[in-house]
Amino acid sequence: MRKDEMMKRKYIGTIIGLIVVACIVSAALGLSRGNGVSTPKARRTIMLYDCGADLETSAAMATYNIEQILKANFSKDDGIRFIVMTGGSNQWQLDKDYLVFPEGNNVPDDAVAGYDPQIMETTDEVLDKYSQVSNIYNQVWEAKGLDAAEHPGKMVLIDGDGLGSGGEAATVKSADELMSDPEVLKSFINFCVQYAPAEKYDLILWDHGGGPTYGFGMDEHELVSSFWDSRSLMSFPQIMDALSDNDVTKGGGKFDFVDFDACLMSSVELDLVLADYTDYYIASPETEPGYGQYYTGWLD
């Protein structure tokens with residue numbers, strides 16, 4: 001065999017070897033989209049679609065439930081990922097001490113109402129105001145249990161400037177990305193599947209509920225004539241559209257559970273339709289307390 005042929009074969013063999021190694025490493029890591037960080041496939045990803053509405057603005061009720069989540073133990077081996085989308089409220093009241101803003105985050109300068117970098121210096125007081133859950137942009141966070149190896153009991157920012165269409169990188173204000181829009185719910189579900197792939201997926205929908213007649217999810221960024229204006233809630237058909245057409249349920253997949261932490265969302269109509277999209281359905285046929293379900297207990 002000629003020397004040049006031997007060198008060529010050796011070169012090709014090296015390239016093939018490198019490709020095989022790269023494929024094995026990629027498969028082992030379970031590459032996921034989102035912020036570009038590679039994460040192993042979890043046993044379970046829980047998605048909390050947290051539309052705070054006036055419940056958060058007036059009484060910090062969404063904050064109350066988030067604090068319960070952060071006091072639970074569920075993150076020891078990263079087998080359970082808990083992803084939270086915040087929005088729908090004119091004022092979020094979660095204390096900044098619960099929040100982590102990783103370096104390079106995409107929080108816009110106007111993320112908190114009243115902050116103007118053109119006229120305000122970067123003082124500790126301004127930074128305290130900036131380090132809040134935004135009332136201008138929908139944001140996505142990963143909630144960490146008290147047993148997490150990193151950032152225990154904290155909300156770690158993943159996306160700070162709105163999800164945009166289909167979860168693609170974009171800067172979209174809450175007023176243009178209403179959480180009562182089924183397309184926004186779809187985008188959040190798809191984002192979670194890409195960012196935190198898992199063997200099982202769970203979905204919690206937090207806000208007001210009006211049953212099959214009125215629907216779910218009042219967003220304070222939409223000005224309406226009255227609370228029960230049909231524009232302000234996601235209608236029954238829209239809920240079905242969002243839950244039937246996403247990266248979990250496409251092709252016959254199902255959520256492990258769908259939980260409406262909202263009033264009046266258990267009915268024969270909803271039960272029958274949701275059977276196609278989830279194994280378990282958790283909801284109340286009556287009104288719920290404003291402070292919602294108790295999260296620490298079942299997460300522990």
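In what sense do strand 1 and strand 2 pair, and over how many bridges? I began with that pairing. The model I am reading is a predicted one. Strand 1 and strand 2 run in the parallel sense, and eight bridges link them.

**Entry: the whole chain**

I looked up the totals before going further. The protein has 300 residues, and 48% of them are buried. I found nine helices and eight strands. The exposed surface comes to about 14600 Å², with carbon and sulfur atoms supplying 54% of it. I also checked the sequence range of the contacts. Of those between residues at least 6 apart in sequence, 71% join residues at least 24 apart.

I then went back to strand 1 (residues 42-51). On the strand 2 side, Tyr 49 has Met 85 as its bridge partner. Strand 6 also runs parallel to strand 1, joined by eight bridges. Across that pairing, Arg 44 stands opposite Lys 200 in strand 6. For my own reference, strands of a sheet pair through backbone hydrogen bonds, either parallel or antiparallel.

**Entry: cover over strand 1**

Is strand 1 mostly covered or mostly open? I found it mostly covered, with eight of its ten residues buried.

Thr 45 came up first. Thr 45 counts as buried because its relative accessibility is 0%, and the cut-off for buried is under 20%. What does its side chain reach? I found the backbone oxygen of Ala 196, at 2.6 Å. Leaving aside neighbours within four places in sequence, Thr 45 also has contacts with Arg 81 and Ile 83, and with a run that includes Pro 197, Ala 198, Lys 200, Tyr 201 and Asp 202.

Leu 48 was the other one, again in strand 1. Its relative accessible area is 2%, so Leu 48 is buried. I noted that Leu 48 and Met 85 lie 37 residues apart in sequence, yet their C-alpha atoms are 6.3 Å apart. Beyond neighbours within four places in sequence, the contacts of Leu 48 include Ile 69, Phe 82, Val 84, Met 85, Phe 188, Ile 204, Trp 206 and Tyr 295.

**Entry: helix 5 and the cores**

Phe 188 sent me to helix 5 (residues 182-195).

Which residues touch the most other members of the largest nonpolar core? I listed Met 47, Tyr 49, Phe 188, Leu 203 and Phe 255, out of 38 residues in that core. Strand 1, strand 2, helix 5, strand 6, helix 7 (236-244), strand 7 and helix 8 (268-274) each give two or more residues to this core. Helix 5 gives the most, with eight. I then found another core apart from this one, with 28 residues, among them Ile 46, Ala 72, Trp 92 and Leu 99. In soluble globular proteins, nonpolar side chains tend to be buried together.

Not counting residues up to four places away in sequence, Phe 188 touches Met 47, Leu 48, Tyr 49, Ile 83, Val 84, Met 85, Val 140 and Leu 163.

**Entry: positive phi**

Last, I checked the backbone angles. Most residues other than glycine have a negative phi. I noted two residues with positive values. Asp 78 has phi near 60°, and sits in the loop between helix 3 (61-70) and strand 2. Asp 78 is partly exposed because its relative accessible area is 47%.

Where is His 151? I placed His 151 in the loop between strand 4 and strand 5. The phi of His 151 is near 55°. With a relative accessible area of 35%, His 151 is partly exposed.

Terms used
Residues are numbered from 1 along each chain as its sequence is written. This is a predicted model: local features need pLDDT of at least 70, side-chain atom pairs count only at pLDDT 80 or more; totals for chains, interfaces and linings use all residues. Side-chain values use heavy atoms; hydrogens and water are left out. Helices (H or I, at least four residues) and strands (E, at least two) are DSSP runs, numbered from the N terminus. Buried means under 20% relative accessible area, exposed over 50%, partly exposed in between (1.4 Å probe, protein chains only). A polar contact is a pair of N or O atoms within 3.5 Å; within protein, one must be able to donate a hydrogen and the other to accept it, and residues adjacent in sequence count only if both atoms are side-chain atoms. Contact means heavy atoms within 4.5 Å. A nonpolar core is a set of buried Ala, Val, Leu, Ile, Met, Phe, Trp, Tyr and Cys residues joined through side-chain atoms within 4.5 Å. Accessible areas come from the Shrake-Rupley method with a 1.4 Å probe; for residues, only the protein chains shown count as cover. Two strands pair if DSSP finds at least two bridges between them.
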